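Please open the model in a viewer and keep the selection panel at hand.

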Amino acid sequence: MMGSPSASSSSSISAGAVSSPTTLSRYENQKRRDWNTFGQYLRNHRPPLSLCRCSGAHVLEFLRYLDQFGKTKVHTQLCPFYGHPNPPAPCPCPLRQAWGSLDALIGRLRAAYEENGGKPEANPFGARAVRLYLREVRDSQAKARGISYEKKKRKRPTPPPQQAALPPTG
């Protein structure tokens, strides 16, 4: 069931209704909203798309569509503030979705796809084109802000020190 409204999503609850025993986490609520938004996008697509026919290219189209609602200023290469982390004045550069927001969104949609019956090997949110697009957005936004993106190194747990075997005394 993809994004169909349910009685539980109604904003008003009747006086005799009992609230759900489990409250969804913020992550689960956001994942459900994102899934519903993507479902709406598929229904509004011309021609309308079914989830099983959705590809990585459609996911990229969705991400580009979302850019119009972004709040992150991304300087173009022609902007005098390109490469400046803290520009001194306003400029006409476009607002975009931040890379971190897109990355988190794709993670939630990837999980929601499988929770809604999609096969992991056919998950359009895990497509190579989507990963490459996210990497491109990350790198271009970092350059536009003058901040190089450094991949965080995983901290490996240090193994407990080994006690050296002592020869028997005696």
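Among contacts in the protein chain between residues at least 6 apart in sequence, what percentage join residues at least 24 apart? The share is 63%, where contact means heavy atoms within 4.5 Å. The model is predicted: local features need pLDDT of at least 70 and side-chain atom pairs count only at pLDDT 80 or more, whereas totals for chains, interfaces and linings use all residues. Residues are numbered from 1 along each chain as its sequence is written, and side-chain values use heavy atoms, with hydrogens and water left out.

Begin with a cartoon of the protein chain.

Next, select helix 2 (56-66). Gly56, His58, Val59, Leu60, Phe62, Leu63 and Leu66 are buried there, that is, under 20% relative accessible area with a 1.4 Å probe, protein chains only. These buried residues pack against helix 1, helix 3 and helix 4.

Then display the largest nonpolar core, which has 23 residues. Such a core is a set of buried Ala, Val, Leu, Ile, Met, Phe, Trp, Tyr and Cys residues joined through side-chain atoms within 4.5 Å. Phe38, Val59, Leu63 and Phe125 have the most contacts inside this core. Helix 3 supplies its largest share, six residues.

Finally, centre on Phe125. Not counting residues up to four places away in sequence, Phe125 touches Trp35, Phe38, Val59, Ile106, Leu109, Arg110, Tyr113 and Val130.

Key: Buried < 20%, exposed > 50% of the residue type's maximum accessible area, 1.4 Å probe, protein only. Helix = DSSP H or I, 4+ residues; strand = E, 2+ residues; numbered from the N terminus.
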